[in-house]
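Hi,

Here is the structure I promised to pass on.

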Amino acid sequence: MSWWPKVVARKWLNIQSGADEFHSDYAVRGKSERRKSCSDDDYYVFVREDFSGWLKAAANGHKQAAIRPEAPPETDAVNLKMFVGTWNVGGKSPHEGMNLKDWLRSPAPADIYVLGFQEIVPLNAGNVLGAEDNGPAANWLSLIRQALNTDQELPPNHDNNATWPQGDDQQPNLKPRLSFSDLCSLEDQLAQDDFQRLLCDQEESTGPNCTPGNPETRHRYCLAASKQMVGIFLCVWIRADLYKHITNLKVSCVGRGIMGYLGNKGSISVSMTLHQTTFCLVCTHLTSGEKEGDEIRRNSDITEILKRTKFSRTYKDPRHHPLPPENILEHDIIFWLGDLNYRLDAGCGNTYELLKRNDWQALLEKDQLRIEQRAGRIFKGWEEGRIHFPPTYKYLANSDHYVAQTSKSKEKRRNPAWCDRILWKGEGLKQICYIRGESRFSDHRPVYSLFSVQVNSQNKSHTITTTRSCPPRVSTNTAALSSTCVAKVQAEELLIFPRTET
């Protein structure tokens, strides 16, 4: 245990070891792979050799205009679907055989899956101050990979995500339920086959029009990036045939927990470029509590995350490649997901009566996130879809009952709230649906949203010089994190300039 004091010291002093590293299925071939096998000193020798001509040109007095970016190439629009989901799993590790298909089931197949988790480990002193426990993250990745890449149907009476209390006659339906307004919207958004399949799934019909999807049309998904910071975990999965269009993968972590810096609260952000469009995916777990003034602390978390999230910049020839974004707001499209922990305003005295009537819109008038956003204190210019589902927190274990409905202790009582949210910012985005799941695995319900995203693609004359490889088969072993296909962010980096020079 001699290493433990060093780990604690690094965390207290905010010295983040490997904070810009992540796991991925992608590996870079060619020159970059050669660099990965070399020492750090050799790595920068390659960098100096590669750019010596450019540096000499600068030293010889070339004017800035000589490297002014050329006119951007002609682009075409590509329409993709993105699944964005968030789930606070309450410090519980998934059990073997746990099924995630009902949570990941979307009205239409997605091209990209962005999945954020909170509390994948208990937020105790050992996990916050000590070495990171990445066992649960490996288990979640394995289960997600299986859910996205297998066609097997659930066996009858399959136990989905929870151990049911004795006395229940049958397991309730845990599939996410769409509201009527969502169904009306989806009829216009989805292809006829996708919409018919969605109706069959919602009604659990077995009629002649309800046939299972063709397995040959299913896509295979690869892990673009995954990153853990204490209990926060973010992973991005992409359709395997899109991998060659992903560039500039970067991560940035911001701790907002103990002393405002430790990782029990905070954010993980992934920056990437798909074709010619830049994306930022921000998974957060903000300050908890429902006392008066706690919402101000959550506002401060958001402000600090926006200010402190920085992505290292890889050198690009400015005549052909613009510099990638350095912070969250510089991206074309941004998704902000997670347990934002905003509660219902303390003045909402008729909460339980409104809950009984399923009057979500009246309850949402007291939602702190919307109050703060309307006042312009946070998320100015951001969007969130209409909420047609019950509050997602806080439930009794293995129950559909809120803690506040049964607890006699005021200290343990938590008013129901929409803690788990998905917001977005950018052009070319259209939300198709915004739904919560019904798994009883934790005291939170999972939430997901499906988006139609318009991405700018270079015309076919553009030549892609960087190629990547994806694993040839699905791995169900949790040891996949340490496989030879795992690549660090440094595999793609050529040269990092100080911010003042870039």
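To start with, what do the buried residues of helix 9 pack against? They pack against strand 6 (246-255), strand 7 (266-274), strand 8 (277-285), strand 9 (333-339) and helix 12 (368-374). Contact here means heavy atoms within 4.5 Å, and buried means under 20% relative accessible area, with exposed over 50% and partly exposed in between (1.4 Å probe, protein chains only). Helices (H or I, at least four residues) and strands (E, at least two) are DSSP runs, numbered from the N terminus.

Before you read on, two things about the source. This is a predicted model, in which local features need pLDDT of at least 70 and side-chain atom pairs count only at pLDDT 80 or more, while totals for chains, interfaces and linings use all residues. Residues are numbered from 1 along each chain as its sequence is written, and side-chain values use heavy atoms, leaving out hydrogens and water.

Back to helix 9 (residues 294-308). Its buried residues are Asp294, Glu295, Arg298, Asn299, Asp301, Ile302, Glu304 and Ile305.

Leu329 counts as partly exposed because its relative accessibility is 48%. Leaving aside residues up to four places away in sequence, Leu329 touches Leu306, Ile334, Trp382 and Lys425. Thr309 is 20 residues from Leu329 in sequence, and their C-alpha atoms are 9.9 Å apart.

Next, strand 8. With 9 of its 9 residues buried, strand 8 is largely enclosed by the rest of the structure. Thr277, Phe279, Leu281, Cys283 and His285 point one way, and Thr278, Cys280, Val282 and Thr284 point the other way. Strand 8 pairs with strand 7 in the antiparallel sense over 9 bridges (strands pair if DSSP finds at least two bridges between them). Strand 8 also runs parallel to strand 9, joined by 7 bridges. Thr284 shows both sides of this: Ser267 stands opposite Thr284, and Gly338 is the bridge partner of Thr284 in strand 9. The hairpin of strand 7 and strand 8 has 2 residues between the strands, and His275 takes a positive phi near 55° there.

On to the cores. A nonpolar core is a set of buried Ala, Val, Leu, Ile, Met, Phe, Trp, Tyr and Cys residues joined through side-chain atoms within 4.5 Å. The largest has 54 residues, and Val114 and Phe335 have the most contacts inside it. Apart from it lies another core, of 31 residues, including Val121, Leu148, Cys235 and Trp237.

What about disulfides, meaning cysteine sulfur pairs within 2.5 Å? A search of the whole structure finds 0. Cys235 is buried, at 0% relative accessibility. The closest cysteine sulfur to that of Cys235 is in Cys283, at 9.1 Å, so it is too far for a bond.

Last, Arg436 in strand 11 (residues 429-436). Arg436 counts as buried, at 6% relative accessibility. Its side chain makes a polar contact with the side chain of Tyr395 (2.7 Å), and a polar atom of that Arg436 side chain lies 2.9 Å from the backbone oxygen of Pro391. A polar contact is a pair of N or O atoms within 3.5 Å; within protein, one must be able to donate a hydrogen and the other to accept it, and residues adjacent in sequence count only if both atoms are side-chain atoms.

Cheers

Conventions
Disulfide = S-S within 2.5 Å.
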